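Please look over the structure shown below. The report after it starts with one pair of residues and then moves to larger parts.

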Amino acid sequence: MSVNQRQVAMVMDLNKCIGCQTCTVACKTLWTRNEGQEHMLFNTVNTAPGAGTPRNFEQMGGGFRNGKAQSGQLPTMADWGEKFELNFDEVFYGGESDMPLNAKTGEPDWSANWDEDVGAGEYPNSYYFYLPRICNHCTHPACMAACPRKAIEKREEDGVVLINEDRCRGYQFCAEACPYKKIYFNEQKGVSQKCIFCFPRLDEGVANACARQCPGRVRFVGYLDDEEGPIHKLVYKYKVALPLHPEYETGPNVFYVPPLSPEMIDDQGNPTGQDRIPLSYLESLFGDGVKEALDLLKSERAITQTGGESELMDLLISRKWQDLFGPFSKHPRDAERLRITDAADPIKMFDPQLATTAVEEETQIVRLIDPANS
Amino acid sequence: MTAEIKRRGFLKMLGMASGTLAAPSFTTQAASSLTSLADKRAPAYQSYKDLWREQWRWDKVVRGTHLINCWYQAACSWDVYVRDGLVYREEQAAEYPQTNADVPDFNPRGCQKGCSFSQRIYDPTRIRYPLKRVGERGSNQWQRVSWDEALDDIAEKYLDTLLEDGSDCVIWDQGPGVDMGTTSAGFMRLANFTRAIILDMVSETGDSHRGAAETIGTCGGERSADDFFYSDLILIWGSNPVYTQIPNAHFFTEARYNGTKIITIAPDYNASATKSDLWVPIKPTTDGALAMGICQQLVQSGRIDKNFLREQTDMPLLVRTDSGDFLKESDVIAGGRDHRFYFMDDKTDKLTLAPFETLKLDGFIPRLDADTEVVLHTGEKVRVQSVFQQLKRSLREYSLDKVSKITGVSEGMIRRLTDEIANSKALSNVTSSTLTKMYHGNLIERAQMLVWALRGQYGHKGSGFSAFPFILGDGLEPFTATPDLASLKELHHKMHSIFVERMKQGDLAEQISYDIGASAFYPNSGLPFHTSGALFWMVHGGMTDLSKKDWDPYLQKDADQYLTEALDKGWQPLYPPKEKTPRLLFSISTNTVRRLRGSKHIVKKMWPHLMHVVMDFRMNSTTRYADYVLPSAAWYERTSSRWSTQLTPFYTLTTKATEPLGESKPDWEICALIAERIQQKARQRGLTRITNDYGEDIHLDKVYDLFSMGGMFGPKDDEKVAQALYELSSNVEQMPWEELKQKGFARYTGYGNAAFTAGNMTDIEPGETITQFTHHTRDKVPWATQTRRMQFYLDHPIYKEMQEQLPCHKDAPNVGGKFPLVMSSGHARESIHSTWRDNPLMLQLTRGQPFLCIGTEDAKLRGIEDGDWLRVYNDVGGYEVRAKLAPSTRPGQVIIYHAWEDHQFRKGSMRDVTPSPLNPVELAGDHPHLKIAFGWGQIGFFDRDTLVEVERLPTKAQ
């Protein structure tokens, strides 16, 4: 087991996550588009409370308790949710009217996002939020400890946990041991596969695809020990970013800003001033620090509400998007190895004089609507 | 590129050729060019890491975007990564500048749909060859034909229709896929020079925001998304931006950290409600009552902005109590004008003509609660009251307990909401077109705008009620209208003189813009010839057959009778008129049959008489009914610009990244080829000029010459067209074309000369967020309404007949019959209309099938469990769908999200229960500010207040 010098980490702000799955798709189209990977989603976003991906992963064991490895289950294909094989050819070209689109494998009864927006509670006090997940690139990876082939490595330079496919023989002990159930099996290649934290991008100074492509601006990427960076401040200084299921004892390096929620409504339909997501539920996910984190978010927000300054709020807002990515803010185009070479000389096709005259006349017309001139 | 080859198992191949590095398979059936890949790149294999690294490699990157009406979320600039001649992925360019240091920047913009368009264009729905129907219509029997054969047939039919039936029997239906770029330029020029009819589909999609048009004379108006940062209260009311404004959502979540409060008003605890401080659950369709209740609270407690009401609104204007009409100058003075109105001046206590050229009051203090008697020039005395006085009276109907009963919102909640609104210094709304897709959506919107007006929440940073966001480069309109570039100047001069002449007579520039746009709905305008899409389908598709009079207790007559009377009086122009039969229909960038409410009825009635040509890149609900399917190039396979909205004020470009797949062609090229073929055939037949029913000349032997500006813009010149549209646009930051292609976007510098956007009445300044309507509030330019003020009172006869002079709440009619559940809807998270609906990846990330959300209680009552098959029905029809049990769905409501394709339902389709009844007030086209315009002043389509019942089906039943 190598000891890494630095640890790269991610903070995901659940108050900004909108469950749009752009991260999932960004990851999917980049990393798991090949045969054997159809069902794989290194990045998932699920509605919480909910079954998650794979289905009921929190009941599947793994991880450690008091330092001792816990046995775990291997998720089945049904738990992951298959990619539906659909009868498009029959529908469009089969020569029969009203042929419906069907999954060839039978009627769908689960998918990786089956319980989207379902959540828990009863109307009008139902509640839910989105929980995006990748491999946690743990400090004490259960997968790594469980691999008899020593095929799992933690990179020395940044602590990214990778499955060495040259060594992996597909025993899947890692998948059993991972308490977050983020390891898939590639039947085509006979190896286990999981989130690689976009290491080829990181190596070029470019942030992870899930982070850089996130329109909700949810994800911070950076080194945990960078005291000036937002991750260090959110995790250690303000303690508003918390690990998921710290009780698994793997030391996750993905941290979550817990979600605020709209007020509960009483029997008469009046707002109560109470958060609608039960604190106990959030604590079951993110541990004891939730209350303090939420209280701090609220008190800092009260400051901005009255026009005051708050470093914490500014960090979470990140007016400049690039600030989310610290040392990984290079544009992917600048990392490209095969460049476009055909940029031609700028040519103006139309007589600019013609356009300008016309435009000026029109502009004058618009200005005429100033009543002072009319 | 054309051969269909089997998926290659590259990884298997890798196993065989160990020691070499193979590229991944790109999922596509069309990837023939990939076969030589393994040979081309064969660096020595060092470790598994190289395999991962190899996946993040590309040959070139091209800036692109998606030419789709995702409306609020438009203007996403993407890097399109090309590898071996195919697009293998895309990633946001994310180079938008920050407007200023106060506000977040726009990056990275994009969503999961945009991010998977590379998957969409190679999935099994993609059309690669021209197809001709060979079986019964709808039977899915096709023959692959050559372009030559298809063009021949289509051009013959086009020519025959022009000659035998008239040019107005050729119809171009555009849809939400329309780009206002090269596609629009292509079909609009072809339609223009053949005087074919183009359907304006804005109101037909239920997007026309009629309530706004009734109040301010335009449905347009929106802020930039970063202007939300200056709001202290954002009301998400009738919208679900977490689904439908994905790239903008961060402005809301970040504004919250900045201290802004967010309140969501919606029947269901939707995804946007989860991001709010307060969610107000409301009974569907009763939002108007809630708004009126808030107004009553505000007025009663005196928390209103009187100066704003006096200056900007019709509140002080006097209404005759005998007729219900505004008191006009012509009532008081013999020979006076019909369009000058009065208020009582508090200072002099005199009847005073309201200023008309400006909103400036010049020392007058218009009395808000006037109630007095005036002597008419006939000597008759009449009692007059200010609009505000009448409003106050009608607001008494909206007491807390009554509103609470109607809306299901508690009195305490209404009070709280009112307080939050009253305490807000900068109040904004997040708009979409949910409420406008309700039968009384106009009333709801009028009532909402009244809340904003009472608080004076217009025209300052972070404020404003938004209705219809839209902005485009103003190069398109002249480009589609002129036979050549040289006559552009002539066109500008013509427009200039119209403006000068009419403004001398005191007309507003804004009104003149609308009138010029409206002229396109009549013959001989010199502009592409338009007709209202909604009216077209309503009349020619016989949609009134689907509705019943007794659904709406306010109806005095059958809908058909209202319609006939309105057409007879000329309130609404319709081309072709009712007596004629449309013969040739083009669906371009649109899924016509999927889009139209009640489409089965329409198809049955109209399609037997039609040749239907569909131009699209994917098979869909509409291609099923087509005679010809022409394969369009996808958005990465051609060059075009697109419209966007001021929410993200950037003109965005897509640049051809790869060759069109198979035999597909850019829309511009297809239109050019049709034009060329018509001209060729006309010449063969010795045809020259013909004149249509309306005296318009059509030069059959010159259709292509005109289309292409004498060959300047040929079939292969779509990039040149895109460049022309850009360079002709006066309202977009200019840079050399090649630079724009590299950059992918340019900021708008103003609203320009496009008729549709004139109503924003504001400036776009560098370093400033956009706040709408500042020309009214700051510069005191009048609003483009009958009274030249924000107008809450309408004295049109049909509004009087329907008792809708003032904003009010009306119970929704029993659309579909008396059934216990409101079937509402909303645009989906995972698709833009139907464009991604059956994309395998999007289906993998949902449930693979259409589903209907139903609340726990309603499901229990009916013995329904999650995943059960249901039949949804009413008096109009029925369909089958699976149940999704969602505790956040309101009791009494079921939700089916938008735009599932017909072929995704095993029986029926979601539109089989939506008759979209006609609301007669929308016919009032003779009203000074409700006459037809691009996008509004037309009837609308409604489906969000349809009533249904659902029943559980035995699990395996078909």
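A:Glu263 stands opposite A:Asp275 in strand 14 of chain A. Two bridges join strand 13 (residues 263-265) to strand 14 (residues 271-275) of chain A, and the two run antiparallel. Two strands are said to pair if DSSP finds at least two bridges between them. Helices (H or I, at least four residues) and strands (E, at least two) are DSSP runs, numbered from the N terminus. The hairpin made by strand 13 and strand 14 of chain A has five residues between the strands, and A:Gly269 takes a positive phi near 90° there.

The model is predicted: local features need pLDDT of at least 70, side-chain atom pairs count only at pLDDT 80 or more, and totals for chains, interfaces and linings use all residues. Residues are numbered from 1 along each chain as its sequence is written, while chains are lettered from A and ligands numbered from 1 in the order in which they are written.

**Chain B as a whole**

Chain B has 31 helices and 31 strands. A compact globule of 958 residues would have a radius of gyration near 30 Å, and chain B has 28 Å, which agrees. This radius is taken over C-alpha atoms, and the globule rule is 2.2 Å times the number of residues to the power 0.38. Along the principal axes, the C-alpha atoms of chain B fill a box of roughly 95 × 70 × 55 Å.

Of the 958 residues in chain B, 66% are buried. A residue is buried if 20 or more other C-beta atoms lie within 10 Å of its own, exposed if 12 or fewer, and partly exposed in between, with C-beta atoms placed from the backbone. Two residues are in contact if their C-beta atoms, placed in that way, lie within 7 Å. Among contacts in chain B between residues at least 6 apart in sequence, 75% join residues at least 24 apart.

**An open sheet**

In chain B, eight strands form an open sheet with mixed pairing, in the order 5-4-20-19-18-6-7-17. Strand 5 (142-144) and strand 17 (530-532) of chain B stand at the edges with a single partner strand each, so one side of each has no neighbour in the sheet. On average, neighbouring strands of this sheet are turned by 25° against each other, direction ignored. Axes are lines fitted to C-alpha atoms, for helices over the stretch in contact, and angles run from 0 to 180 degrees between N-to-C directions.

| Strands of chain B | Bridges | Direction |
|---|---|---|
| strand 6 (residues 170-174) and strand 7 (residues 197-200) | three | parallel |
| strand 21 (residues 640-642) and strand 22 | three | antiparallel |
| strand 22 and strand 25 (residues 745-747) | three | antiparallel |

B:Trp172 has B:Ile198 in strand 7 of chain B as its bridge partner. Helix 6 (residues 182-194) of chain B packs on the sheet and touches strand 6, strand 7 and strand 18 (584-588) of chain B; its direction makes about 160° with that of strand 6.

**Covered elements**

How many residues of strand 22 (residues 650-654) of chain B are buried? Five of its five residues are. B:Phe650, B:Thr652 and B:Thr654 lie on one side of this strand, and B:Tyr651 and B:Leu653 on the other. B:Thr654 is the bridge partner of B:Ser640, and B:Thr652 has B:Phe745 in strand 25 of chain B as its partner.

In helix 20 (residues 533-540) of chain B, eight of the eight residues are buried, so the helix is largely enclosed by the rest of the structure. Among the buried residues are B:Phe536, B:Trp537 and B:His540. Their cover includes strand 7, strand 17, helix 21 (559-568) and helix 23 (599-606) of chain B. Just after helix 20 of chain B, B:Gly542 takes a positive phi of about 60°.

**Around B:Cys853**

B:Cys853 lies in strand 27 (residues 851-854) of chain B. It counts as buried because it has 22 C-beta neighbours inside 10 Å. Not counting residues up to four places away in sequence, B:Cys853 touches B:Lys884, B:Ala886, B:Thr889, B:Val894 and B:Ile895. B:Cys853 and B:Tyr897 are 44 residues apart in sequence, and 8.6 Å apart in space, C-alpha to C-alpha.
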